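Welcome! Take a moment to look over the sequence and the model, and then let us walk through one part of it together.

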Amino acid sequence: MIVVLALVGAATSAAWFFTTATTTYTATAALSTQSAERGPEQDAVLALGYVNYFNQASYQELLRRESGIPADVALTAMTGATSPILYISATGSDEQAARSAATVATDTFRNDVRESLIEERRRAAEDIQAEIDRNTAELTGPGVRQDVQVNIVLDQIRSLQGRLTDVVSDNTNHLKPLQSEPGVASSRENPLVATATGAVGGALLGVLVALLLVVTDSRVRNEVDVRHRLGVEVLEDVAGVAPAERARLVRTLVNSLRLAGHSERTVLAVVAPRGSVAARRLARELAAAGSAPRRQAVLVRADLTTPDIRPGFLDALAERAAARDALLSGPDGVLVLPVGRRTGDGAWSLVAPEQVSEIVDEVAEGSPLAVLDAPPLLEAPESQIVCAAADRVLLVLERDTTTWSDAGEALRLLGQVDATVTGIVLDEPHFDSPREVLVPRSGADEGSAETMTNVLPVVSTELVGPAQSPVPSPRPRPRPVSVGANSEDHERPAADVPDHG
């Protein structure tokens, strides 16, 4: 967001520059307040006062009205450091207009100051002259005065006449022209400066927008935010990583979970707040990573919201099949207990903590790891029971998809049943997850034909010899069945799965 807005700002500023940029002209004239009666620092203070007066908007309005300076010409005054020199500048797009405005503004300002000072001194001279006239009238009056009194009045008159002469001849505080003919300088904005300014402005706007998006964002974005908002450690972030790196991270996660358990077998539940292909895929990857040639891991598909056509977890809950006999084998060496067939009863009502634990103990006998693919917490009430039956629970959050409210609610539901939440795994939504191909596990009990009827054809027998022992008839090689595939009896109506919403 920041980079995009910075580029947009730079492009906009550059386009604006090349379409509207013009050359500006600045004409400058100089005046001075220097006098012989004061020190240079006093003259500098006076110059600063004149500058402030000139830059007042009220005076400039009066100045433009008196001298006819156009409104598109900017007028400014400034001092030269701490010197008694002040500069009056006029800036506009026309050179001649700027030069004329600087000349007229300088002369008008100097005359205004001069007339103001003359008027002030005229009034002071009139006051002094009136006092002289009063003293002269006393000398010529009818009263007889002594010589001492006459001399005093004459001294006062002479003093007043001296003051009058000083006032009339005083030219302090006047502005003296230092550069009557203004100099003109042209300037044009640098396109690089304009572009850089636009880029900086766009970047600042991008920062503000990004901060606003962060504050109002309702989606899970990264592990730092997860740790800060939910207070739960993110064990791995496998979203967007390469397949080889993902496999390494999953194996590392399995090793850490098994070694932290300090038991011969670890039961791990993988759950998401809502229906997630990412959680289903991660559960299979964890089981595959924790499986060994002689001690296979077991994956229990316990998500009752996605029933299968083969016997499995649901059948074991309804006591229609033995869980051990319903196990299937995957190409990666993982033993998989399918979800099971639809049932007319409420599937969620069949789930009890004792039954889940018994099924896990049955199918995971001798296995180092049992992974429970749990139902989504916010969509299936039985998910809490399945997670509570596990030693550890991994909460899978889909980056840029899962909302913070769903994640917080999922943790709250797990806390209600005292489920041990080991941590969170960040993943991304998967839309091209590979199909899961399963076949009957080797060494399965052939007496369990009733439970395997959806996988293998029925075995026929015939009498052989005196013992009349049943001999299985030749049968074709078992055809692999993928999860979600339709069976030959898919036309049969099945009871609906209860609504978990």
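Helix H2 (residues 40-54) packs against H4 with their axes 12 Å apart, at an angle of about 115 degrees. H2 is therefore roughly perpendicular to H4, a label for angles of 65 to 115 degrees. Axes here are lines fitted to C-alpha atoms over the stretch in contact, with angles running from 0 to 180 degrees between N-to-C directions. Helices are DSSP runs (H or I, at least four residues), numbered from the N terminus.

This is a predicted model, in which local features need pLDDT of at least 70 and side-chain atom pairs count only at pLDDT 80 or more, while totals for chains, interfaces and linings use all residues. Residues are numbered from 1 along each chain as its sequence is written, and side-chain values use heavy atoms, leaving out hydrogens and water.

|---|---|
| H2 | Tyr 50, Tyr 53 and Phe 54 |
| H4 | Ala 105, Phe 109, Val 113 and Leu 117 |

H4 (residues 95-139) also holds Asp 112. Is Asp 112 buried or partly exposed? Its relative accessible area is 23%, so Asp 112 is partly exposed, the class between buried (under 20%) and exposed (over 50%), with a 1.4 Å probe and protein chains only. Beyond its neighbours within four places in sequence, Asp 112 is in contact with Tyr 59 and Glu 66. Leu 63 lies 49 residues from Asp 112 in sequence, with 9.5 Å between their C-alpha atoms.

Definitions and conventions: Helix = DSSP H or I, 4+ residues; strand = E, 2+ residues; numbered from the N terminus. Contact = heavy atoms within 4.5 Å. Parallel < 35°, antiparallel > 145°, perpendicular 65-115°, else oblique.
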